[in-house]
Amino acid sequence: MYFDGPLSRQELGPATGLSSGSISNVVTELAAERLLEEAGVVDSDGGRPRTLLRVAPSGALLIGIDIGETRVRVELFDLSLTELARTERLLAQHGHDVERIVAHVRTGVAHVLRDAGADPRELLGIGIGVPGIIERDGPEGAVVHGQTMGWSAVPFEKLLRAAVDIPAEVPLFIDNGAKTLGQAEMWFGGGRGTGTAAIALIGSGVGASVIHGGEGGTLDENQRSSALEWGHTTVQMRGRRCRCGSIGCLEAYAGAEAMRERWQEAGGPLPADADDETALAALLAAAFPPPGGAAPDPVAVALLDETAECLGAAVADLINLFLPERVLLGGWAGLLIGPHLLPDIRRYAREYALRHTGARATVEMGRLGPDAVTVGAATLPLTDFLARGGTRPLPPPPGNVPPPRWAPSPT
């Protein structure tokens, strides 16, 4: 019902394989928990009108958080992933100091709950997208290895759990930001209808995810997704030094931070303290002036052509390695450069990819805009909620007994 609703009880029979009695019982229980609601009546062929049911948007709350390169964005959503409140905290002055980012998350969560007049006990969970590699096997929960941010084995889940003022039963879900972007695009954006897609996140840095299995917009237990350190694949032998310490990385050419540095090194007219977003906008304006304006700056044009070739070659690697049907370009910088560079990126991808794999893959822009990572982060608790049959977190019992995390499923 979440993806295909509203549906009638009669339509739920063939969709689920359940008897009409079982459907009636489950619908009654879910409606009592405010997770389902009526959504109008439709006429049937010669029979009684049928009542439509849908997942109730007001039935629960979700929070999605994007720990980005330039800001921390926190958004509160209802169960239909309609935004209820948002706030942003800029990172430029203090970089990726862990304690300050934890403080931003703490105040951001409090801000959106207060802004919406929301009860934190209605939260199904908080999803957080972060740069880097995530490990979950240790006793402290999710640990983040973010080399380009200076994070080494940061016990991020433990730090957030101690700092953020939410009920103890509300779970935290921490994953790579490129992966959360990919899930959002698969469910609601450019990945819908594909079995395998590669989704690129181009911001100050560069990352990607690949999602295999299932058609976009469905909850498929066989779906597999992987976050890739795509930005640290080599595109230039003996090339530029990357902030990861290696040389010739894609990120050293296609990340917004690297494009700013290259533009400054080439004599681009930028203030020394220009941030990545200001610098990238200036670079694009120099290369693609409005009609009737100044001539295109040849240095800016050459710099962006090199960027397009590096991205096209790296996209070809994704195509050859993972055989996606679709490659999507997203992230705030990707959304800025894409309208200008997409034809060249496609051309270079065709030149560098194998003919067969290149011919079956399309390269397109992501469709969800700059909020895609926060939407994808909110799908992390939503995925868990749907996979468990619509069960809510339980409050911890008194004493030292470890709490059961979820209530029994109504099904």
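Gly146 counts as buried in this predicted model, at 3% relative accessibility; buried here means under 20% relative accessible area, exposed means over 50%, and partly exposed is in between, with a 1.4 Å probe and protein chains only. Residues are numbered from 1 along each chain as its sequence is written, and side-chain values use heavy atoms, with hydrogens and water left out. As the model is predicted, local features need pLDDT of at least 70 and side-chain atom pairs count only at pLDDT 80 or more, while totals for chains, interfaces and linings use all residues.

Gly146 sits in strand 9, residues 143–146. (Helices, H or I with at least four residues, and strands, E with at least two, are DSSP runs numbered from the N terminus.) Leaving aside neighbours within four places in sequence, Gly146 is in contact with Pro131, Gly132 and Trp151, where contact means heavy atoms within 4.5 Å. Trp151 also turns up as the residue opposite Gly146 in strand 10. Leu30 is another story: 116 residues separate it from Gly146 in sequence, and the C-alpha to C-alpha distance is 41 Å.

What does the sheet around strand 9 look like? Strands 9 and 10 are joined in the antiparallel sense by two bridges; two strands pair if DSSP finds at least two bridges between them.

There is also an open, antiparallel sheet of three strands in the order 1-3-2. Two bridges link strand 1 to strand 3 (residues 50–55) in the antiparallel sense, and Ser8 has Leu52 in strand 3 as its bridge partner.

Now for the domains, whose bounds come from an automatic or database domain assignment. That assignment gives domain 1 (7–20 + 29–55), domain 2 (61–179 + 371–388) and domain 3 (195–365). Taken over C-alpha atoms, the centres of domain 1 and domain 2 are 35 Å apart.

The largest nonpolar core has 50 residues, and Trp230, Leu250, Leu280, Leu283, Leu304, Leu311 and Val315 touch the most other members. Such a core is a set of buried Ala, Val, Leu, Ile, Met, Phe, Trp, Tyr and Cys residues joined through side-chain atoms within 4.5 Å. Helix 9 (residues 298–322) gives the most to this core, with eleven residues. Apart from this core lies another, of 33 residues, including Ile67, Leu91, Val98 and Val130.

Arg262, in helix 7 (residues 256–265), is buried too, with a relative accessible area of 6%. The side chain of Arg262 reaches the backbone oxygen of Tyr253 at 2.6 Å, and one of its polar atoms lies 3.2 Å from the backbone oxygen of Leu303. Not counting residues up to four places away in sequence, Arg262 touches Arg240, Ala252, Tyr253, Leu303, Glu306 and Thr307.

Technical notes:
Polar contact = N/O pair within 3.5 Å; in protein donor to acceptor, adjacent residues only side chain to side chain.
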